[in-house]
Amino acid sequence: MNPSPISRPDLSGSTVVVLHAHPDDEAIFTGITLRRLADAGARTVLVMATSGELGESRVPLRPGESVARRRVAELECAAGLLGVSRLVLLGRRDSGRPGGPDSRHRRALSLGDPLDLARRVARVADDEGACAVLHDDEQGVYGHPDHHMVSRIGATVADLLAIPGYGFTVDREYLHLSTGGPHLVRGAAEWAEVAYGRVTAEIALAVTGDAAHLACKRAAITAHASQLDDADVPCDGFADTYGYEWYRRRGGPTGPGVLESLGNAHLFAPA
C-alpha cells in the first residue's frame with residue numbers, strides 16, 4: 001500500500017452520521033474515516049443498530065455481565081479511540097446466521113420496519129445538522145440480512161434529508177491480490193455463507209490514512225476483545241489489508257462531499 005500524502009482539511013461545523021449493524025463494524029469498515037473526520041474537526045455521530053448480543057464471549061464475563069453489555073462497553077471504548085462525538089444505540093437485536101432461528105426473533109434487526117428505523121435515524125441526523133450519512137452499500141458489504149437492513153435505512157435517511165449517502169464496502173479484487181493476509185470480512189462471509197464486496201470498477205472512492213490512523217484503527221478493532229484476538233489482525237500486513245476504506249456515493253448535492261474533502265480519496269468510478 002502506497003497512500004497519497006494525508007491532507008488535513010478544516011471540517012469544523014460539519015457533522016457526519018455513521019450507521020452500522022454490529023459492534024466492531026465501525027472499526028473494521030470505517031475506522032480510518034471516523035478518525036480522520038474527527039481529526040479534521042468534524043462531529044461524528046455513530047449509530048449502532050444492534051449490540052451484537054449473539055454468540056459466546058472469547059473472554060470471561062464479569063459477574064452478572066451479559067454478552068450484550070460487554071460488547072457495548074467495547075464499542076464505547078472503540079468509539080472513544082476513533083474520536084466519535086456521540087454514540088446512539090437503536091436497540092434492535094442481532095439477527096444471527098441468515099435463515100437461522102435468531103433471524104425470526106421479534107426484535108431482530110432484519111425484521112424491523114425499515115421506514116420506521118430510518119425515521120428514527122433521520123431525526124438524529126436532522127437534529128445534528130448532518131451533512132452526510134455513511135452506511136452499508138446496496139449489497140450490505142457481505143450480504144448479511146442486518147447489513148442489508150442498514151443499507152436500506154441509511155439510503156432512506158439520505159433521501160429524506162437530501163444529503164449524500166456513502167455506502168461502505170470492500171474491494172474484493174484488491175483484497176484478493178493483497179499480500180497482507182485475509183480481511184475479517186472474508187471469515188464473516190464464509191460463516192454467513194454469502195458473497196462479499198465489489199469489483200474495483202464499481203467503487204467510487206477509497207479513504208486511506210497514515211501510520212497513526214492505521215494504529216488507531218487496529219486498536220479500535222482489537223478493543224472488541226470478546227469477539228477478536230490480536231492474532232486475528234496481525235501487525236504484519238495490516239496496512240495492506242485494512243489501509244483502504246471503500247465507498248459508493250449516491251444522492252445529495254452534486255460535487256465533492258465530506259469524504260472527498262479528506263483529500264487523498266482515490267477515485268475508481270468509471271467515467
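This is a predicted model: local features need pLDDT of at least 70, side-chain atom pairs count only at pLDDT 80 or more; totals for chains, interfaces and linings use all residues.
View A. A search of the whole structure finds six aromatic pairs. One of them joins F168 to F29. The two rings are stacked, with 6.2 Å centre to centre and 10 degrees between the planes. F29 belongs to helix α1 and F168 to strand β5, so the pair ties together parts that are 139 residues apart in sequence. F29 is buried too, at a relative accessible area of 5%.

**View B. Y166 and Y247, an edge-to-face pair.** The ring centres of Y166 and Y247 are 6.4 Å apart. Their planes stand at 85 degrees, so the pair counts as edge-to-face. Y166 lies in strand β5 and Y247 in strand β7, 81 residues apart. Y166 is buried, with a relative accessible area of 0%. Y247 is buried as well, at 0% relative accessibility.

**View C. Strand β7 and its two antiparallel partners.** Strand β5 (residues 165-169) pairs with β7 (residues 244-250) in the antiparallel sense. Five bridges join β5 and β7. Y247 of β7 is the bridge partner of F168. β6 also runs antiparallel to β7, with four bridges between them. Here A206 has W246 of β7 as its bridge partner. W246 also belongs to an aromatic cluster with Y174 and Y244.

**View D. The loop at G209.** G209 sits in the loop between β6 (205-208) and α8 (211-222). This glycine is buried, with a relative accessible area of 1%. G209 and S7 are 202 residues apart in sequence. Their C-alpha atoms are 9.5 Å apart in space.

**View E. The largest pocket.** The volume of the largest pocket is about 660 Å³. Its lining counts 28 residues, and D24, Y142, A188, W191 and Q227 are the closest to the centre. Two or more lining residues come from each of α1 (25-39) and α7 (184-192). α7 gives the most, with five residues. By class, the lining holds 11 nonpolar, nine polar and eight charged residues.

**View F. E65 and its contact with R70.** E65 lies in the loop between β2 (43-50) and α2 (67-81). Its relative accessible area is 13%, so E65 is buried under the 20% cut-off. The side chain of E65 makes a polar contact with the side chain of R70, at 2.9 Å.

Note on methods:
Residues are numbered from 1 along each chain as its sequence is written. Side-chain values use heavy atoms; hydrogens and water are left out. Buried means under 20% relative accessible area, exposed over 50%, partly exposed in between (1.4 Å probe, protein chains only). Two strands pair if DSSP finds at least two bridges between them. On a 1 Å grid over the protein atoms alone, a cavity is a set of points where a 1.4 Å probe fits but cannot get out, and a pocket is an open set with protein on both sides within 12 Å along at least five of seven lines; lining residues have an atom within 4 Å of a point. Grid points are joined across faces, edges and corners, and a volume is the space filled by probe spheres set on the points. Ala, Val, Leu, Ile, Met, Phe, Trp, Tyr, Cys and Pro count as nonpolar, Asp, Glu, Lys and Arg as charged, and the others, Gly among them, as polar. A polar contact is a pair of N or O atoms within 3.5 Å; within protein, one must be able to donate a hydrogen and the other to accept it, and residues adjacent in sequence count only if both atoms are side-chain atoms. Rings of Phe, Tyr and Trp (its six-membered ring) pair if their centres lie within 6.5 Å; planes under 30 degrees apart count as stacked, over 60 as edge-to-face and the rest as tilted.
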